[in-house]
Amino acid sequence: MIEFIQQYLTGEEWEKLCNSCYRMRYQEDGYQEIPASYRGDGGIEGFTKNGIVYQCYCPEKEYTDDDLYNHMRNKMTKDISKFISSDYEKVLKGLGVRNVHRWQFVVPEYKDKRILEHAENKRQEVMAYKAEHEEQCDYIADDFVIDVKVALDFKLEISRIVRNDLGVKLDLTVLRNKKIDWSGCDSIKVNNVKRKIKAVMNNIDENDEDYIELVNTYMESYAIGLELMEKLRVSQIELYEQIMELEQTYKREVEIRTKANTDSSINQQLFFDILDKFQGVLEKEFPYLTRSSIGELKDDMVSSWLADCSMQFKSR
């Protein structure tokens, strides 16, 4: 999940995304956002009528695991202190915050279990403070807990926010940032790609640099596509199913168009015509993907058609 929403991992954008997630999940529970500009937020971003409040945090840059823990710990400590402070007590009660069972700390991800230990320490501090200031802290329930939530906990909401075109777009190009090794791919798949690219390029010499580069490009896309679809299957099941349904439908059309073509001299024209039309189909079906993601998805799907027997081009 976290890989596909990198563009929203800034303080302001993360807060907006979290607010949308809570509004969607707890709409029937009277979710209410708290603007921080009004007398402070009291250590929370929003609350529900059934006793859930939350605060979010997004690191400003890449930190080591230890530094990330320290920043999260300090943020949680600061906001929990606000939450039980006499300075904010009247603010929270005046906003209608009552009977709080869960204070949730929402971060993109965490990599150190110490933040869970710190959350439990803070919970104990809250309960000890409540015992000493019962009247002041009567908005805190006796079963009060502190949860640490991550982006993956809201994968359903994020998926729906994206699909409903509420200003959030997914980025599927994340795997392009690492070196792709396709040497372990099935030799049959590799030979299929080589044979079909050669046919598209009018039986060009296999030592030609452009031919070698194009084969490498599509084999990289093939390897990326396999990994990408598995990641989507785990974290974005609705998008995964929509992609697979469209891919299967369009693959049949590609198979018919390429197998029905008996004129090898127009292989290249047919190939690029298929690419252009498929690009248009993807743009129409997936308006919530970034432009570069559409290109990624197109290349990954086309590479799979080249690697199997869906896309056929006759040689001269």
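Which residues of α5 are buried? They are E157, I158, S159, I161 and V162. Buried means under 20% relative accessible area, exposed means over 50%, and partly exposed lies in between, using a 1.4 Å probe and protein chains only. These buried residues of α5 pack against α1 and α8.

This is a predicted model, in which local features need pLDDT of at least 70 and side-chain atom pairs count only at pLDDT 80 or more, while totals for chains, interfaces and linings use all residues. Residues are numbered from 1 along each chain as its sequence is written, and side-chain values use heavy atoms, with hydrogens and water left out.

Helices (H or I, at least four residues) and strands (E, at least two) are DSSP runs, numbered from the N terminus. Contact means heavy atoms within 4.5 Å.

## Nonpolar cores

A nonpolar core is a set of buried Ala, Val, Leu, Ile, Met, Phe, Trp, Tyr and Cys residues joined through side-chain atoms within 4.5 Å. The largest one has 67 residues. Inside this core, W14 and F286 have the most contacts. Several elements each supply at least two of its residues, among them α1 (11-25), β3 (52-56), α5 (155-163) and α6 (187-200). A second, separate core has 29 residues, including Y69, L92, C137 and Y139.

## Two helix pairs

Axes are lines fitted to C-alpha atoms, for helices over the stretch in contact, and angles run from 0 to 180 degrees between N-to-C directions. Angles under 35 degrees count as roughly parallel, over 145 as roughly antiparallel, 65 to 115 as roughly perpendicular and the rest as oblique.

Take α2 (residues 65-83) and α4 (residues 114-132). Their axes come within 10 Å and cross at roughly 15°. The two helices are therefore roughly parallel to each other. Their crossing is right-handed: the near helix is turned clockwise from the far one by less than a right angle. On the α2 side, the contact involves D66, Y69, M72, R73, M76, T77 and I80. On the α4 side, R114, I115, H118, A119, K122 and V126 meet them. The residues of this contact divide into seven nonpolar, two polar and four charged. Here Ala, Val, Leu, Ile, Met, Phe, Trp, Tyr, Cys and Pro count as nonpolar, Asp, Glu, Lys and Arg as charged, and the others, Gly among them, as polar.

Now take α7 and α8. Their axes come within 6 Å and cross at roughly 130°. These helices are therefore oblique to each other. From α7, the contact uses M229, L232, R233 and S235. From α8, it uses I237, L239, Y240, I243 and M244. This contact divides into seven nonpolar residues, one polar and one charged.

## Single residues

Here are five residues with their accessibility.

| Residue | Relative accessibility | Class |
|---|---|---|
| F144 | 0% | buried |
| L17 | 4% | buried |
| M229 | 10% | buried |
| N202 | 36% | partly exposed |
| N99 | 44% | partly exposed |

F144 lies in strand β5 (residues 140-149). Leaving out residues up to four places away in sequence, F144 touches F83, V100, H101, W103, R123, V126 and M127. F144 and V106 are 38 residues apart in sequence. In space, they are 17 Å apart, C-alpha to C-alpha.

L17 lies in helix α1. Along the chain, L17 and A151 are 134 residues apart. Their C-alpha atoms are separated by 9.8 Å.

M229 is found in helix α7. Setting aside neighbours within four places in sequence, M229 is in contact with Y240, I243, M244 and M301. One of these, I243, sits 14 residues from M229 along the chain. The C-alpha atoms of M229 and I243 are separated by 8.9 Å.

Where do the two asparagines sit? N99 lies in the loop between α3 (86-95) and β4 (100-106). Its phi is near 45°, a positive value in a residue other than glycine. N202 is found in the loop between α6 and α7. Phi of N202 is near 60°, again a positive value in a residue other than glycine.
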